Amino acid sequence: MSGPRMNAAPINGNSRRPNYVRVPPIERPSSSQHDDLIKFIQESWSKVSQEVGRNAGNTATYYREQEPEMLKNFEPFDLDAYWGKRGIQNVHQ
């Protein structure tokens, strides 16, 4: 058996939400560096979208990251195991 349900209707019968004052966005001065960056992003995105459009009928293309030469012999360090062993050593001393 369920308990009484709460009614979400407003008490005064007014269901409109309050009107908030909208503040116009702050206009920032445009710099040539900013304009160059926007232009670069737009041109780069245009190239990418054109390439995707050309390959739309082809099979999917996957990105395969190549491992840098300096990381070939890298072995990840298990920090949790290190601190666990160190904690045990401190307890035994």
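A residue here is called buried under 20% relative accessible area, exposed over 50%, and partly exposed in between. Keep that in mind, because tyrosine 82, at 37% relative accessibility, lands in the partly exposed group. What you're looking at is a predicted model. The protein has 93 residues, and 0% of them count as buried.

**Overall build**
- The protein has two helices and zero strands.
- Helix H1 covers 32-54 and helix H2 covers 79-92, with a loop between them.

**The aromatic cluster**
- Searching the whole structure turns up two aromatic pairs.
- One of them joins phenylalanine 77 and tyrosine 82, whose rings sit 5.7 Å apart centre to centre, with 50 degrees between the planes, which makes the pair tilted.
- Tyrosine 82 also pairs with tryptophan 83: the ring centres are 5.3 Å apart and the planes are at 70 degrees, so this pair is edge-to-face.
- Put together, the ring pairs link Phe77, Tyr82 and Trp83 into a cluster.

**How open those rings are**
- Is phenylalanine 77 buried or exposed? Its relative accessible area is 60%, so phenylalanine 77 is exposed, and its place is in the loop between H1 and H2.
- Tryptophan 83 has 47% relative accessibility, so it counts as partly exposed.
- Which residues make the nonpolar surface patch? Phe77, Leu79, Tyr82 and Trp83 do, and the patch comes to about 470 Å².

**Helix H2**
- H2 is 14 residues long and spans 20 Å from its first C-alpha to its last.
- That span is close to the 20 Å you'd expect at 1.5 Å a residue.
- At the start of H2, aspartate 78 has a side-chain oxygen that comes within 3.4 Å of the backbone nitrogen of aspartate 80.

**Charged side chains**
- Side chains of opposite charge can pair when their charged atoms come close.
- How many salt bridges does a search of the whole structure find? The search finds one.
- Lysine 72 and glutamate 69 meet through their side chains in a salt bridge, at 3.9 Å from N to O.
- Both lysine 72 and glutamate 69 are exposed.

Key. Residues are numbered from 1 along each chain as its sequence is written. This is a predicted model: local features need pLDDT of at least 70, side-chain atom pairs count only at pLDDT 80 or more; totals for chains, interfaces and linings use all residues. Side-chain values use heavy atoms; hydrogens and water are left out. Patches are made of residues with over 30% relative accessible area and no salt bridge: like charges are joined within 9 Å, nonpolar side chains (Val, Leu, Ile, Met, Phe, Trp, Tyr) within 5 Å. Accessible areas come from the Shrake-Rupley method with a 1.4 Å probe; for residues, only the protein chains shown count as cover. A salt bridge is a side-chain nitrogen of Lys or Arg within 4 Å of a carboxyl oxygen of Asp or Glu. Helices (H or I, at least four residues) and strands (E, at least two) are DSSP runs, numbered from the N terminus. Buried means under 20% relative accessible area, exposed over 50%, partly exposed in between (1.4 Å probe, protein chains only). Rings of Phe, Tyr and Trp (its six-membered ring) pair if their centres lie within 6.5 Å; planes under 30 degrees apart count as stacked, over 60 as edge-to-face and the rest as tilted. The expected span of a helix is 1.5 Å times one less than its number of residues. A polar contact is a pair of N or O atoms within 3.5 Å; within protein, one must be able to donate a hydrogen and the other to accept it, and residues adjacent in sequence count only if both atoms are side-chain atoms.
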